[in-house]
Amino acid sequence: MDLRETARAAADTIAERLATPEDVRALHHRQGWWPQSLAHGAVGVALLHIERARTDQGPWQRAHDWLACAAAEPAVGGIDSHLYYGAPALAFALHAAADRPGRYAHALNTLDRHVTAATRDRLAGADARMDRGETPELAEFDAIRGLSGMGALLLHRDIHIDLFREILAYLVRLTEPVKHDGELLPGWWSHLAPSGAVSPDYPDGHANNGVAHGIGGPLAVLSLAACRGITVEGHTDAITRILAWLDQWQQDGPAGPWWPYWITREQLRSGRPGPGPSRPSWCYGTTGFARTQQLAALATDDRARQAMAEGALLQAMTDPSQLKATVDLSLCHGFAGLAHITELVAVEAITPGLTECLPRLLAPITDTNPSMLAASLLDPPGGGDIGLLEGATGTALALHAFQTGTPSVSGWDSCFLTN
């Protein structure tokens, strides 16, 4: 059996274990049971069955059942909602399932009202915060909970472009430097710790670089928008400012370029980050940094940066020490994410060798018997996460993408701001 067939068998087996909400509800859930969660709940599982149905590899009924499970209770809106939870997450999944014009139109119109109201409230709050000269919470702008994620949703839906432009204008303003306590800081400098909470370990806050919770998310949205021809005043300047910051903190070692997860005030003053590189994940590592910089390079027609970003990824994906630091199979920070993003980068790459990395990246997943793989992801003691971000659904979708060898039909991976 060749590698693509092995990947298909593994994806099929996981999908069978996640066939119905009734079967899955009785499992142990490490993250709890959150039907409206794209990260850990039914919305994410629905995406797996949607993508399989749209590629004729699974029945539509499973997708409908999981969508019904996710929408069984009133959609969560307002301040508690974001791309990965509540009405925006449901809108993302329903749009992915809309394989013909008009499908789910009524439900999507209802959800869009929640999404636009929440987005406008967040934009108003962010503008007021910046007018007061205060630093942001990560959840204001990040990809998971913040306006970058909401922007990715609007771009994915291809609606409310005027509102999307307001998000872009906010992201431009977010990149403008600010002065605090006599020091010039990047506009996304947060008073919080990387956890998103106040911490004595981060008395002066930090500048977060990651794609999931840092400036990598805004860079991705600005770049994806520019690639689609949607720009606002100062758009290219904002991309340039973020890239200049990443260039300032780029470290070059035997395993190639890498970027610190975040910068503290002490590190800012000394010009020296902590040790690294750490695991090369989507959420914080070289994989995420490389893809967002490749997108920025494509948006600005910068072939030198494109080659650098792709070369950094190639070196990370062939470095035994960085791969050894990757210890799970998830999309967020595991081998599924490394393989899927490497495949995305390879499609648009001017650098050879990336596709050849895929067998090695997939080996920790595909070298296991499919039934044992599904059990390790879903059953105690090691398993128990059904979700897209860190669980079985994400691993299955990465396997599915590899075995089809084609871009996502449903656009499921656009919630990672990588596509």
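Guide: Gladly, and one term comes up at once: helices here are DSSP runs of H or I with at least four residues, numbered from the N terminus. Please keep in mind that this is a predicted model.

Visitor: In which helix is the place of Ser270?

Guide: The helix in question covers residues 265-270. Ser270 belongs to that run, and the helix is H12.

Visitor: Is Ser270 buried, partly exposed or exposed?

Guide: Buried means under 20% relative accessible area and exposed means over 50%, with partly exposed in between. Ser270 has 34% relative accessibility, so Ser270 counts as partly exposed.

Visitor: How far is Ser270 from Gly187, C-alpha to C-alpha?

Guide: Along the chain, Ser270 and Gly187 are 83 residues apart.

Visitor: Which peptide bond is cis at Pro277, and what is its omega?

Guide: Pro277 lies in the loop between H12 and H13. The cis bond runs from Gly276 to Pro277, with omega near 0°.

Visitor: And what is omega for the peptide bond from Pro380 to Pro381?

Guide: Here the loop is the one between H18 and H19, where Pro381 lies. The bond from Pro380 to Pro381 is cis, and omega is near 5°.

Visitor: Let's go on to H13. Is Arg291 buried or exposed?

Guide: Arg291 is found in helix H13. The cut-off for buried is under 20% relative accessible area. With 1% relative accessibility, Arg291 therefore counts as buried.

Visitor: Which residues does Arg291 touch, leaving out those up to four places away in sequence?

Guide: Contact means heavy atoms within 4.5 Å. With residues up to four places away in sequence not counted, Arg291 touches Ile341, Leu344, Val345, Glu348, Thr418 and Asn419.

Visitor: How many residues of H10 are buried?

Guide: H10 covers residues 216-227 and has twelve residues. The buried ones are Gly216, Gly217, Pro218, Leu219, Ala220, Val221, Leu222, Ser223, Leu224 and Ala225. H10 is therefore largely enclosed by the rest of the structure, and its buried residues number ten.

Visitor: Which helices do the buried residues of H10 pack against?

Guide: The partners come from several stretches of the chain, including 138-141 and 286-300. By name, the buried residues of H10 pack against H7, H8, H9, H11 and H13.

Visitor: What is the phi of Gly229, the residue given as following H10?

Guide: Gly229 comes after H10, and its phi is positive. The value is near 80°.

Visitor: What span should H1 have at 1.5 Å a residue?

Guide: H1 covers residues 3-17, which is 15 residues. The expected span is 1.5 Å times one less than the number of residues. The end C-alpha atoms of H1 agree with the expectation, which is 21 Å.

Visitor: Into which classes do the residues of the contact of H3 with H19 divide?

Guide: The contact is made by Gly44, Val45, Leu47, Leu48, Glu51 and Arg52 of H3 and by Thr393, Ala396, Leu397 and His400 of H19. By class, these residues are five nonpolar, three polar and two charged.

Definitions and conventions
Residues are numbered from 1 along each chain as its sequence is written. This is a predicted model: local features need pLDDT of at least 70, side-chain atom pairs count only at pLDDT 80 or more; totals for chains, interfaces and linings use all residues. Side-chain values use heavy atoms; hydrogens and water are left out. Helices (H or I, at least four residues) and strands (E, at least two) are DSSP runs, numbered from the N terminus. Ala, Val, Leu, Ile, Met, Phe, Trp, Tyr, Cys and Pro count as nonpolar, Asp, Glu, Lys and Arg as charged, and the others, Gly among them, as polar. Buried means under 20% relative accessible area, exposed over 50%, partly exposed in between (1.4 Å probe, protein chains only).
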